[in-house]
Amino acid sequence: MRNPVPDRRRQRGLLDTSVVIDLEKIESDLLPIECAISAVTLAELAAGPHATSDQQERARRQDRLQRTEAIFDPLPLDVEASRAYGRIYAAVFAAGRKARGARAVDLLIAATALSLDLPIYTRNAKDFEALEGLVEVVEI
């Protein structure tokens with residue numbers, strides 16, 4: 001009898017909004033065994049249906065939001081994550097990159113990951129540049 005191949009996936013990880021959007025297209029073996037999302041991701045998904053005038057796209061986005069709400073219990077942006085955001089902001093600022101506007105949402109998700117010592121899974125690793133040494137970024 002052959003020994004089963006050990007599961008090399010990480011035990012836990014935080015999914016960025018880009019991964020949640022493409023979740024049905026991503027092979028499960030590329031994801032951690034236990035997937036979590038930030039409340040910030042849920043907020044981004046809640047805004048999605050309002051950000052398009054295309055009725056079919058609006059319906060798809062609303063469906064995605066409702067499925068995500070049913071599957072995940074989002075991690076809050078709590079005191080620890082808020083403190084971690086200061087460290088994230090400092091790293092981005094020191095690297096000469098912008099940490100405001102739309103980018104701030106990605107950094108709040110990274111702060112949630114940092115506060116819980118979780119790797120962040122993303123389709124857009126460049127959104128998390130300058131965070132080396134703070135947050136492990138896994139691009140899929």
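Predicted model: local features only at pLDDT ≥ 70, side-chain atom pairs only at ≥ 80, totals over all residues.

User: Helices then. At what angle do α2 and α3 pack?

Analyst: About 155°. Helix α2 covers residues 39-47 and helix α3 covers residues 55-71. Their axes are 8 Å apart.

User: What does that angle make them, roughly parallel or roughly antiparallel?

Analyst: Roughly antiparallel, because angles over 145 degrees count that way. The crossing of the two helices is left-handed.

User: Which residues meet there?

Analyst: From α2, they are L42, L45 and A46. From α3, they are R64, L65, T68 and E69. By class, this contact has 4 nonpolar residues, 1 polar and 2 charged.

User: What does V40 touch?

Analyst: Leaving out residues up to four places away in sequence, V40 touches L77, V105, L108 and I109. V40 and L77 are 37 residues apart along the chain, and their C-alpha atoms are separated by 7.3 Å.

User: New topic. Where is L75?

Analyst: L75 is in the loop between α3 and α4. L75 is buried, at 16% relative accessible area.

User: And its contacts, which residues are they?

Analyst: Residues up to four places away in sequence are not counted. L75 then touches L14, A36, I37, S38, A39, T112, L116 and L118. Take A39: its C-alpha atom is 5.6 Å from that of L75, yet the two are 36 residues apart along the chain.

User: Which residue other than glycine has a positive phi near 55°?

Analyst: D117. D117 lies in the loop between α5 and β3. It is exposed, with a relative accessible area of 70%.

User: What about A130, what is its phi?

Analyst: A130 has a positive phi of about 85°, and it is not a glycine either. A130 is in the loop between β3 and β4. A130 is buried, at 17% relative accessible area.

User: On to charges. How many salt bridges are there in the whole structure?

Analyst: The search finds 10. One of them joins R12 and E34, with the closest N and O atoms 3.8 Å apart.

User: Which parts does that pair tie together?

Analyst: R12 is in strand β1 and E34 is in strand β2, so the pair ties together parts 22 residues apart in sequence. R12 is partly exposed at 38% relative accessibility. E34 is partly exposed too, at 39%.

User: What does R123 pair with?

Analyst: R123 forms a salt bridge with D22, and the closest N and O atoms are 3.2 Å apart. This pair links distant parts of the chain, 101 residues apart. R123 is in the loop between β3 and β4, while D22 is in the loop between α1 and β2. R123 is partly exposed at 29%, whereas D22 is buried at 17%.

User: And R67, what is its partner?

Analyst: R67 pairs with E24, the closest N and O atoms being 2.6 Å apart. R67 is partly exposed at 34%, and E24 is exposed at 67%.

User: Last one. Which residues do shared partners join into one network?

Analyst: D22, K25 and R123.

Notes: Residues numbered from 1 in each chain as written. Heavy atoms only, no water. Axes fitted to C-alpha atoms, helices over the stretch in contact; angles between N-to-C directions. Helix = DSSP H or I, 4+ residues; strand = E, 2+ residues; numbered from the N terminus. Parallel < 35°, antiparallel > 145°, perpendicular 65-115°, else oblique. Left-handed = near helix turned anticlockwise from the far one by under 90°. Contact = heavy atoms within 4.5 Å. Nonpolar A, V, L, I, M, F, W, Y, C, P; charged D, E, K, R; others polar. Buried < 20%, exposed > 50% of the residue type's maximum accessible area, 1.4 Å probe, protein only. Salt bridge = Lys/Arg side-chain N within 4 Å of Asp/Glu carboxyl O.
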